[in-house]
Amino acid sequence: MNQSFGIAAFRSRTQVLRMEDALRRAGLSAGVISTPREVAIGCGLSVRFELSEAAQVMQVYRRVNPGALIGFYRVDHYGTRQIQLTPLHM
């Protein structure tokens, strides 16, 4: 199964939950997922979002500024566990 989506990885679970809440309040689809192993640092959770909404997600981040951001990434998932990460630039 091929699948692509975006994640915002943070160092703190509090920031993950704060960002997810801000995105939902802004009318964007968001959820909390386990951070892929390929992002070796962080709290273990990330905010998942649709790539088509990446620009709006980054606007919400700048407005809310929850801090502790590791980065925004495009996740391309192929098959059962083959993942490719590409940094998204703000």
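Trainee: Why is the link between Glu 20 and Arg 24 called a salt bridge?

Mentor: Look at the gap. The closest N and O atoms of Glu 20 and Arg 24 are 3.2 Å apart. The limit is 4 Å. The gap is within 4 Å, so the name salt bridge applies. Remember that this is a predicted model.

Trainee: Where do Glu 20 and Arg 24 lie?

Mentor: Both are in helix H1. They are four residues apart, about one turn of the helix.

Trainee: What makes Asp 21 and Arg 25 a salt bridge?

Mentor: Their side chains meet at 2.8 Å, N to O. That is within 4 Å, so the salt bridge stands. Asp 21 and Arg 25 also lie in H1, four residues apart. Asp 21 has 39% relative accessibility and is partly exposed. Arg 25 has 61%, which is over 50%, so Arg 25 is exposed.

Trainee: How many salt bridges does the structure hold?

Mentor: Three. Arg 74 and Asp 76 form one of them, with the closest N and O atoms 3.0 Å apart. Asp 76 has 7% relative accessibility and counts as buried. Arg 74, at 32%, counts as partly exposed.

Trainee: Now the rings. Why is the pair of Phe 49 and Phe 72 called edge-to-face?

Mentor: The structure holds three aromatic pairs. In the pair of Phe 49 and Phe 72, the centres are 6.3 Å apart, and the planes make 70°. The limits are 6.5 Å for a pair and over 60 degrees for edge-to-face, so both tests are passed. The pair links distant parts of the chain: Phe 49 is in strand E3, Phe 72 in strand E4, 23 residues apart. Phe 49 and Phe 72 are buried.

Trainee: What makes Tyr 61 and Phe 72 an aromatic pair?

Mentor: Run the tests again. The rings of Tyr 61 and Phe 72 are 5.6 Å apart, centre to centre, with 85° between the planes. The distance is within 6.5 Å and the angle is over 60 degrees, so this pair is edge-to-face. Tyr 61 comes from helix H2 and Phe 72 from E4. Both are buried.

Trainee: Which residues form the aromatic cluster?

Mentor: Phe 10, Phe 49, Tyr 61 and Phe 72 form one cluster.

Trainee: How do you know that the charge of Arg 48 sits over the ring of Phe 5?

Mentor: The charged end of Arg 48 is 3.8 Å from the centre of that ring.

Trainee: Which residues have the most contacts inside the largest nonpolar core?

Mentor: They are Phe 10, Met 19, Leu 23, Val 47 and Phe 72. That core has 20 residues. Its largest share, six residues, comes from H2. Met 19 touches residues including Phe 10, Val 47, Val 57 and Tyr 61.

Trainee: Why are the buried residues of H2 said to line one face?

Mentor: Name them to begin with: Ala 54, Val 57, Met 58, Val 60, Tyr 61 and Val 64. Seen down the axis of H2, they fall within an arc of 155°, so they line one face. On the other side of H2, Ala 55 and Arg 63 are exposed. Asn 65 follows H2, and its phi is positive, near 45°.

Trainee: Last one. Is Thr 35 buried or exposed, and what makes it so?

Mentor: Thr 35 has 15% relative accessibility. That is under 20%, so Thr 35 counts as buried. Thr 35 lies in the loop between strand E2 and E3. Leaving aside neighbours within four places in sequence, Thr 35 is in contact with Gly 44, Leu 45 and Ser 46.

Note on methods. Residues are numbered from 1 along each chain as its sequence is written. This is a predicted model: local features need pLDDT of at least 70, side-chain atom pairs count only at pLDDT 80 or more; totals for chains, interfaces and linings use all residues. Side-chain values use heavy atoms; hydrogens and water are left out. Rings of Phe, Tyr and Trp (its six-membered ring) pair if their centres lie within 6.5 Å; planes under 30 degrees apart count as stacked, over 60 as edge-to-face and the rest as tilted. Helices (H or I, at least four residues) and strands (E, at least two) are DSSP runs, numbered from the N terminus. Buried means under 20% relative accessible area, exposed over 50%, partly exposed in between (1.4 Å probe, protein chains only). A charge sits over a ring if NZ of Lys or CZ of Arg is within 6 Å of the ring centre and within 35 degrees of the ring normal. A nonpolar core is a set of buried Ala, Val, Leu, Ile, Met, Phe, Trp, Tyr and Cys residues joined through side-chain atoms within 4.5 Å. Contact means heavy atoms within 4.5 Å. The arc is that of the directions from the helix axis to the C-beta atoms.
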